[in-house]
Amino acid sequence: MRVVNQVHQTNDYAIFKTLEGNRHVNKLHVRRLRNSFQRKYLMSPIIVNEKYEIIDGQHRFEAAKEAGVALNFIVVTGYGLLEVQALNENMKNWKKEDYLSSFCDLGHPEYQKFRDFMMRFPDFGMAACETILTDKLSGGHTASSSQEFVSDTNKKGSYAIRFFQEGGLEIPDYDKAVENAEKILLLKPFYDGIFRPTFVRAIIGVFKIKHYEHSRLIQRLTANPNSFHHCVNVGQYKLMIEDVYNFRSKNKVSLRF
């Protein structure tokens, strides 16, 4: 048995550097680690190279700094971005379910509503629930105009993709979301794909049309119960719904806008 690398400890956080090209820090994960450190700080050293650039443990570093606890670290000479990438490949990425649970544990009311909705409508998946609850049509990922959680890349779409993970979930009308979910469930006897995210996005878009009448669609499907079928995308679903809705009707209605 031999000693390979020794664990050092310091409260001088300023000596450490961020390695260019390393992935961004997740604020929620830092907050969870900080709270854990404040309860009980376990030995979990970060890895740095000889320049004190952080190779592994960015989140632990930020959490220790916020918690004001001494930082444990190991210096490994020669490590760089390739080693960072190799370490990251072996780590399990967080799923949306993980973010949902974490924000619920932190007492976020919007995420608690989201969880309650999923428990009330268990057959809808995560993406479908997000579309219904946010009342957005781009997969539930389109956020409001607020830029509070925009990433430093300042690229269009960065905020839209990350807003759920960064705590920016907004549910404009929970009661309406429940009503829309129940309306979708009325279609279950006629189509086994009502829980598909693409179908949900399509039908939520249809619900937004003022002159749309759900009872009329139900009547058309009752008369032609095998009219619905799987489609590749939202546009095809909207075209299918429109065709069924207008079947043998003199007053054709557009449902695709």
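Student: Tyr174: buried or exposed, or in between?
Tutor: Tyr174 is partly exposed, at 21% relative accessibility. Partly exposed lies between buried (under 20% relative accessible area) and exposed (over 50%), with a 1.4 Å probe and protein chains only. This is a predicted model: local features need pLDDT of at least 70, side-chain atom pairs count only at pLDDT 80 or more, and totals for chains, interfaces and linings use all residues. Residues are numbered from 1 along each chain as its sequence is written, and side-chain values use heavy atoms, without hydrogens and water.

Student: OK, aromatics. How many aromatic pairs?
Tutor: The count is 20. Rings of Phe, Tyr and Trp (its six-membered ring) pair if their centres lie within 6.5 Å; planes under 30 degrees apart are stacked, over 60 edge-to-face, the rest tilted.

Student: Why is Phe117 with Tyr174 edge-to-face?
Tutor: Because their planes stand at 80°, with ring centres 6.2 Å apart.

Student: Where do those two sit?
Tutor: Phe117 is in helix H5 (residues 109-120) and Tyr174 in helix H8 (residues 174-185), 57 residues apart. Helices are DSSP runs of H or I, at least four residues, numbered from the N terminus.

Student: And Phe117, buried or exposed?
Tutor: Buried, at 0% relative accessible area.

Student: What about Phe199 and Phe228?
Tutor: Also an edge-to-face pair, 6.0 Å centre to centre and 65° between planes. Both residues are buried.

Student: New topic. What sits over the ring of Phe207?
Tutor: The charged end of Lys183, 4.0 Å from the ring centre. The rule: NZ of Lys or CZ of Arg within 6 Å of the ring centre and within 35 degrees of the ring normal.
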